[in-house]
Amino acid sequence: MGHVRVSAERVIDAPAKEIYRYIADYRQHHPRFLPPAFSNFTVEEGGYGAGTVLSFDFTVGNRTQHVRQQVEEPESSHMIVERTLNQPQVTTFVVRPEGAQTRVRIEMVRETRGFRGIVERLLMPRLLLPVFRQELELLEHYAASQ
């Protein structure tokens, strides 16, 4: 068994407290900076931070899959973890202040095995990295508009 890891980060000109709130608020803010790869975004339970359950369709590489995730906050105000319920995958948002700015990192780790795992380790970084970069860019624009 192996892992595939994809991450992107960006420094955003906004306070960390605000950026964290935008990411953690799955009802009001988070859907507003999702790239087009995400569709049918639904909050099933909760809506802010830990305990939130969400679902969406994710399309990349001409393939759409339905995803359900549960949100955890292992480091309140610094880290949000989206644990995928229907596959061995975890997406983490890390928010760190850098003066008046904020460094935001999105990282996805997925367990892989067998031949399919080899293919995923080769393709997923090329497919997901642009999506993560776009999400960070949209988050930056969203923060500037608030």
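## Overall architecture

The predicted model contains two helices and seven strands, and these elements follow one another along the sequence in the pattern β-α-β-β-β-β-β-β-α. The radius of gyration is 15 Å, close to the 15 Å that the globule rule gives for 146 residues, so the chain is as compact as a globular protein of that length. Taken along the principal axes, the box filled by the C-alpha atoms comes to roughly 45 × 30 × 30 Å.

Of the 146 residues, 45% are buried.

## Surface and charge

## Strand β4: glutamine 69 and valine 67

Strand β4 spans residues 63-75 and includes glutamine 69; valine 67 has its place in strand β4 as well. Glutamine 69 has a relative accessible area of 2%, which is under the 20% cut-off, and therefore counts as buried. The side chain of glutamine 69 is joined to that of threonine 84 by a polar contact of 3.2 Å. When neighbours within four places in sequence are left aside, the residues in contact with glutamine 69 are Thr52, Val53, Leu54, Phe56, Glu82, Arg83, Thr84, Leu85 and Thr91.

Valine 67, at 3% relative accessibility, is likewise classed as buried. Its contacts, not counting residues up to four places away in sequence, are with Leu54, Ser55, Phe56, Phe58, Thr84, Asn86 and Gln87. Between valine 67 and histidine 3, which are 64 residues apart in sequence, the C-alpha to C-alpha distance is 19 Å.

Serine 39 belongs to strand β2, which covers residues 38-45. Its relative accessibility of 29% falls between the 20% and 50% cut-offs, so serine 39 is partly exposed. Beyond residues up to four places away in sequence, serine 39 touches Phe56 and Asp57. Serine 39 and histidine 66 are separated by 27 residues in sequence, while their C-alpha atoms are 9.5 Å apart in space.

Valine 94 is part of strand β6, residues 89-98, and has a relative accessibility of 18%, which places it under the 20% cut-off, so that it counts as buried. With residues up to four places away in sequence not counted, valine 94 touches His78, Met79, Arg103, Val104 and Arg105. The C-alpha atoms of valine 94 and glutamate 75 are separated by 9.1 Å, although the two residues stand 19 positions apart along the chain.

## Loop residues with positive phi

Asparagine 62 sits in the loop between β3, residues 53-60, and β4, and has a positive phi of about 60 degrees although it is not a glycine. With a relative accessible area of 83%, which is over the 50% cut-off, asparagine 62 is therefore classed as exposed.

Serine 77 is found in the loop between β4 and β5, the latter covering residues 79-84. Its phi is near 75 degrees, again a positive value in a residue other than glycine, and its relative accessible area of 37% makes serine 77 partly exposed.

## The loop between β6 and β7

Alanine 100 lies in the loop that links β6 to β7, where β7 comprises residues 101-112. The relative accessibility of alanine 100 is 60%, and this residue counts as exposed. Not counting residues up to four places away in sequence, alanine 100 touches Ala14 and Pro15. Alanine 100 and proline 125 are 25 residues apart in sequence, and the distance between their C-alpha atoms is 31 Å.

Conventions
Residues are numbered from 1 along each chain as its sequence is written. This is a predicted model: local features need pLDDT of at least 70, side-chain atom pairs count only at pLDDT 80 or more; totals for chains, interfaces and linings use all residues. Side-chain values use heavy atoms; hydrogens and water are left out. Helices (H or I, at least four residues) and strands (E, at least two) are DSSP runs, numbered from the N terminus. The radius of gyration is taken over C-alpha atoms; the globule rule is 2.2 Å times the number of residues to the power 0.38. Buried means under 20% relative accessible area, exposed over 50%, partly exposed in between (1.4 Å probe, protein chains only). A polar contact is a pair of N or O atoms within 3.5 Å; within protein, one must be able to donate a hydrogen and the other to accept it, and residues adjacent in sequence count only if both atoms are side-chain atoms. Contact means heavy atoms within 4.5 Å.
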